[in-house]
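Q: Please take a close look at one part of this model, the aromatic rings and their surroundings. A connected account with cut-offs is wanted.

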Amino acid sequence: MNTYYPGLNDLNTGGRTINLGPATGNATPLVAGDRVLIIQMQDATINTTNTPAYGGNGTGGNGLIDPGYSGLFEFGQVRSFAGGVLILRDPLQHSYRAVSGIPNRKSAYQVVRVPAYQNVTLGGTVAAAAWDGSSGGIVAFHAWQILNMNGYEITATGLGFRPGKINSAGGLYNIQDFVSNTYGSYGEKGEGVAGTPNGTWAATAGGYENGSFGRGAPANAGGGGNAHNSGGGGGANFGDGGKGGYQYSGPQDVGGRGGKGIKTGLPGHIIMGGGGGGGHQNNNAAEGGEHGGGIIMITASAILGTGIISADGLSAGPSTDDGAGGGGAGGSIVLSYTGTLDAGITLTARGGAGGNETFLARHGSGGGGGGGVIITSTPAAADVSGGLRGLSNGTEWGTVDGEPGTTQDLDLSPLQPTSTLIPLLQVKDTTFCAPATIDITGNNVITDRDQGPEFLLSFWTDILTTIPVPTPQAISQSGTYYIKLTNTNTKCEVVAPVQITVHSQPSLILAATSPSCMGSGNGSITPTPGNGTGPYEYSSDGGLSWNSAIPNNLPAGAYSIITRDSYGCISQPASATLTDPPLLVLSEVTNAHTDINCYGNRNGQLQVNAAGGSNGYVYTITSPATGAVTNNTGLFTGLPAGIYSSTVRDSHGCISQPVSITLTEPPLLVLSEVASAHADVSCHGNRSGQLQLTATGGANGYVYTISSAATGDITNNSGLFTGLPAGVYAVRVADAAQCSQSTELTILEPPQLNAALLSKTDIECGTPLKGRIALTANGGVAPYLFGIGNDGWQPDSVFTGLEAGSYTLTVRDDNNCLSEPLLTQIFADEGCDIIFPTAFTPNGDGRNDLFRPKNYGHISNYQLSIYNRWGATIFQSNDPAVGWDGHFKGVLADTGTFVWVATFMNKGGEKKTLKGTVTLVK
């Protein structure tokens, strides 16, 4: 039935704004006009020392120092609710705390949606959502007339503050402790107006200060049993909770203390029943305490029929071998009615019984829960009895019954909603533009009002509300309209006039002037507005932006224009189309394109042609070499190479996009000699000269030509010319385009190489091999080498040791050119005997390869014998022309000295014998 919201911010008297947490319970959200209950659930201050003063500064180890705002409540009405922020219609009458800011205190309040009905007839049990530590635990509603119980129950039984649980077995302990943060050796304290234990329930505020375990009872919550096996104390509301039973080892009074009843503040402070404390266990057989009862608040004209309204605390379950828990305290019931309360209705806010211990007579049982609070508008029978103490195996073992609660009959009429309260209705005058309509039922006219099923809106055209508006959702005419809000429960109503003003819709006519050139963007639109109230503004983007005039210089396109008058009324869109003329396009006539044939010539040609735009074209081409050249034909001749920017202008002055045309020319034709391949004539008068020509640039397909007086014209495609005589050559290259380049090159030759006999010495008797020839040379290329016969070359121009005979002498220059051969002869004295050399070199080089006599033409009877060093004959010859070649038995002898003996008859007939040695040199 109820929707619950935890409060998040502290509230002060006179305030209206409440920040709320997530809703629980019923899914129906708050709306304007709803009735709400604001109630402080927890706010008490306790003593948290581990002494008998725990709780309320007394000697019993229980109670509280100050209840604070605990139980304080009031009803209010919702003005608005959005995004978790509640605005009340009327100022708060009290203050409330969400965060205490005070040591030893936990504060929490909640806001409960209180539904209102004309009549209520129960069709089943109505129960509160369980308290979860921040919200819930309450049934609250209003019936303007009758609540018919119809044999059913309205209950908050066991839905109030939560119990303490049993401990985990083991751990260090002191049986006299009132408070501890050790879970192992103490039962857990119950939950109440001073806070929430942090054991099983994991309190968001951190539990009770100094600990959530031990026998001390915080405010109206029961204490936990101490070690070992003592019982938990009962919870309290108005009546005190009973203490838990003794521990196992003897009549040690260490059971959980009962919660302390709060006997002041009624009826302005209403609280839930405290939770019972948990028993102590060491054999995993103990029981925790039980839940207290919640709160029931009902306002009605009369409560009739039969049924039950209950807010009892729950009884703790039995323990089979350990301490048992305390019972939950009874909750609170507040019934405000202006008529009667039928006697057939049962009212209970009883404390729950303490848990029994069923195994041994010396295990502690649980204390009984205290009785609750029942307040009615008239005397009524009600049961607020305290819960019975638990027994240890059927006997009493230190436990105490819960104390009875209280019943009161009081004037509770201030809790009833005010029946003469005029409904809230706020409206605002509205102006709009035709052809729109306005919904006067919506929030653009009704800015604030009470909401809920009991509030009815109606719409009229006169103050007496006799003429209804036929279509209030679509008002199209100016005038005063009346809106009435009626509370069908109280019959109170309010009427508010609202002025609706409708302005006429402007008209718009457009005159279009298209752009002069394609893409020029110089079109314009001239507007003619009417039917509105100036000044006017114009928009071409659907109303995103407005200007006092339509901009000039518009591009071609379709335009949709609206106008807005001084009242903000907007015309229907008017259309205008701006059209570009055909695009002026320039293109080249490619088949008329002629590039330059030779580098540097001015024989290029280009032609351009225009289309689109307007006739009367004027063509212009521009390049750095020519500047701007203009004509009406588009044909341009006699042009040098370059990049030409070409444009055309039509009769409207529109200019085309430039077209870039490039007239190309071949690279400069360059003729050059390959110097490394140049060869001058090496020897005077021969044809050993060479020229290598190369060309770059121009067009491929080079033809090379050289010409001299000695050769005439010679042409080829390679550029290599060989076998050339000395001379000056005119050289030329022509490319495939007949572009040409020419130059002159020279092939040189050395002077004529000449050899001359400088002197000659013949052989005389007694001076064997003493012939001598001296040469001289000029011309050619020095240095010179001199040769005699086939004996090789020498740099010395003098030849000595010559035998008698004929000699051919030649000079060779540095270019290997040879002089004309020079012939001469060495003469020997005819009277001289033969002459033998002293050494020879039989190496096959054709020079001095044989050992034989010289000047032997005038002798006879010749015989030569040669001996080795052992006296063996190794060579003999009877012919002076046949000499020894150094071999013996087919093998060349080693280098050494050999003895020779020659016999012969000389020219005079005289027999001669000559002896000597010869050295063989390899």
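How many aromatic pairs does the structure hold?

A: This is a predicted model, in which local features need pLDDT of at least 70 and side-chain atom pairs count only at pLDDT 80 or more, while totals for chains, interfaces and linings use all residues. Residues are numbered from 1 along each chain as its sequence is written, and side-chain values use heavy atoms, with hydrogens and water left out.

The structure holds 14 aromatic pairs. Rings of Phe, Tyr and Trp (its six-membered ring) pair if their centres lie within 6.5 Å; planes under 30 degrees apart count as stacked, over 60 as edge-to-face and the rest as tilted. One of the pairs is Y117 with F141, edge-to-face at 6.5 Å centre to centre and 65° between the planes. Y117 belongs to strand β9 (residues 116-117) and F141 to strand β12, so the pair ties together parts 24 residues apart in sequence. Strands are DSSP runs of E with at least two residues, numbered from the N terminus. Y117 is partly exposed, at 31% relative accessibility, whereas F141 is buried at 1%. Buried means under 20% relative accessible area, exposed over 50% and partly exposed in between, with a 1.4 Å probe and protein chains only.

A further pair is F840 with F851: the ring centres are 6.0 Å apart and the planes stand at 40°, so the pair is tilted. F840 lies in strand β53 (residues 839-840) and F851 in the loop between β53 and β54 (860-867), so parts eleven residues apart in sequence are tied together. Both F840 and F851 are buried. They also belong to one aromatic cluster with F836, W884, F898 and W900.

Back at F141, the surroundings include L147, which touches F141 as well as V120, L122, I154, I298, A300, A302, I303 and L304, not counting residues up to four places away in sequence. Contact here means heavy atoms within 4.5 Å. L147 is among the residues with the most contacts inside the largest nonpolar core, together with L37, I154, I303 and I309; this core has 62 residues. Elements that give two or more residues to the core include β4 (35-42), β6 (73-82), β12 (138-148) and β15 (295-304). A nonpolar core is a set of buried Ala, Val, Leu, Ile, Met, Phe, Trp, Tyr and Cys residues joined through side-chain atoms within 4.5 Å. In soluble globular proteins, nonpolar side chains tend to be buried together.

Notes. Helices (H or I, at least four residues) and strands (E, at least two) are DSSP runs, numbered from the N terminus.
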